[in-house]
Amino acid sequence: SLKDCYGDMADYIYLIELGLSADTSYADRISELRCLTFLTNSDAHSPYVNKLAREFNRFEMESISFDELKMAIIREKGRKPVLNVGLPPEEGKYNESACIRCFKHYTLRESIIKNWTCSCGGTIKKGVKDRVNELATYDKPQHPPHRPPYLHLIPLSEIIAMALGIGTNTKGVKKIWDALIERYGSEVAVLVDADVKKSGVDERVINAITAFREGRVKVHPGGGGQYGRIELSGEKLAANRPEPQRSLFDY
């Protein structure tokens, strides 16, 4: 709990970073987190297009400054977060409880009965979903009024690759990625704001971006150290995922 972590300073914690393995539907099942601002941040140490801004926040602020950002996080004077964007948590390597050797998935009950040892002899790693169920106050998420929407997306280069059925780091992906960025200015604009139907790029890419925006993708959960798979247009495609950040729920 926050009090276990921070003791008398727990009341001075204003935010929690969800990491790649959780979203608001997970965190808002835990009552003590209701008052906090949730952040979805990307790694800042890699320039690759499938890592930079793979998760991000949108805030309502009057200017780009530390003081304005602080007010937005604390939600003062009308400043506030208005959107969280991140990967589907099921895509995480430890979403469901699974063996770290053969990757067989288990329910929490099955894991306990087997004393967290797989039939193959490997260790069953407790999944984020099961850990949230242990900590949860509510059966379903109870979003407070200040909680912004959460949009599930993956990096643009990976959406293009999945739509075309080719590798992420190929000339075909880069060509379309460059064309979209040149037209709309940023990956965030392409993923969230732009009317990509008028972009002139391959219709399969347009349909894929739209499907992610509307939540029309199926994610086969990861576990035991193996990433989940995203199913798009009837095809099961392994996501070429970078290493995830750790979050509160990974422990």
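Student: Why is Arg58 called partly exposed?
Tutor: The relative accessibility of Arg58 is 28%. Buried means under 20% and exposed means over 50%, with partly exposed in between, so 28% makes Arg58 partly exposed. Keep in mind that this is a predicted model.

Student: What makes Arg58 and Asp193 a salt bridge?
Tutor: Their closest N and O atoms are 2.9 Å apart. The rule asks for a side-chain nitrogen of Lys or Arg within 4 Å of a carboxyl oxygen of Asp or Glu, so this pair counts as a salt bridge. Arg58 sits in strand E3 (residues 56–60) and Asp193 in helix H8 (residues 187–193), which makes this a link between distant parts of the chain, 135 residues apart. Asp193 has a relative accessible area of 46% and is partly exposed.

Student: How many salt bridges does the rule give?
Tutor: The count comes to 11 salt bridges.

Student: How do you know that Glu96 and Lys129 form a salt bridge?
Tutor: Their closest N and O atoms are 3.1 Å apart, and the cut-off is 4 Å, so the pair passes. Here too, distant parts of the chain are linked: Glu96 lies in the loop between strand E4 (80–86) and strand E5 (98–99), while Lys129 lies in helix H5 (residues 128–135), 33 residues apart. Glu96 is partly exposed at 23% relative accessibility, and Lys129 is partly exposed at 31%.

Student: What separates Asp178 and Lys174 along helix H7?
Tutor: Asp178 and Lys174 are four residues apart in helix H7 (residues 171–184), so about one helical turn separates them. They form a salt bridge, with the closest N and O atoms 2.8 Å apart.

Student: And why is Lys174 called exposed?
Tutor: Lys174 has a relative accessibility of 52%. Exposed means over 50%, so Lys174 counts as exposed. Asp178, at 30%, counts as partly exposed. Elsewhere, salt bridges with shared partners join Glu62, Glu68 and Arg79 into one network.

Student: How do you know that the buried residues of H7 are on the same side?
Tutor: Val173, Ile176, Trp177, Leu180 and Ile181 are buried in H7. These residues cover an arc of only 130 degrees around the axis, which puts them on the same side of H7. On the other side of H7, Lys171, Lys174, Lys175 and Glu182 are exposed.

Student: What covers the buried residues of H7?
Tutor: The cover includes helix H6 (156–164), H8 and helix H9 (203–213).

Student: How does the span of H7 compare with what is expected?
Tutor: H7 has 14 residues and reaches 20 Å from its first C-alpha to its last, close to the 20 Å expected at 1.5 Å a residue. Just after H7, Gly185 takes a positive phi of about 100 degrees.

Student: Why is Arg147 called buried?
Tutor: Arg147 has 10% relative accessibility. Buried means under 20%, so Arg147 counts as buried.

Student: Where is Arg147, and what is it in contact with?
Tutor: Arg147 is found in the loop between H5 and strand E7 (150–152). Leaving aside neighbours within four places in sequence, Arg147 is in contact with Thr24, Asp28, Leu33, Arg34, Leu36, Thr37 and Phe38. A polar atom of the Arg147 side chain lies 2.7 Å from the backbone oxygen of Leu36.

Key
Residues are numbered from 1 along each chain as its sequence is written. This is a predicted model: local features need pLDDT of at least 70, side-chain atom pairs count only at pLDDT 80 or more; totals for chains, interfaces and linings use all residues. Side-chain values use heavy atoms; hydrogens and water are left out. Helices (H or I, at least four residues) and strands (E, at least two) are DSSP runs, numbered from the N terminus. Buried means under 20% relative accessible area, exposed over 50%, partly exposed in between (1.4 Å probe, protein chains only). A polar contact is a pair of N or O atoms within 3.5 Å; within protein, one must be able to donate a hydrogen and the other to accept it, and residues adjacent in sequence count only if both atoms are side-chain atoms. Contact means heavy atoms within 4.5 Å. The expected span of a helix is 1.5 Å times one less than its number of residues. The arc is that of the directions from the helix axis to the C-beta atoms.
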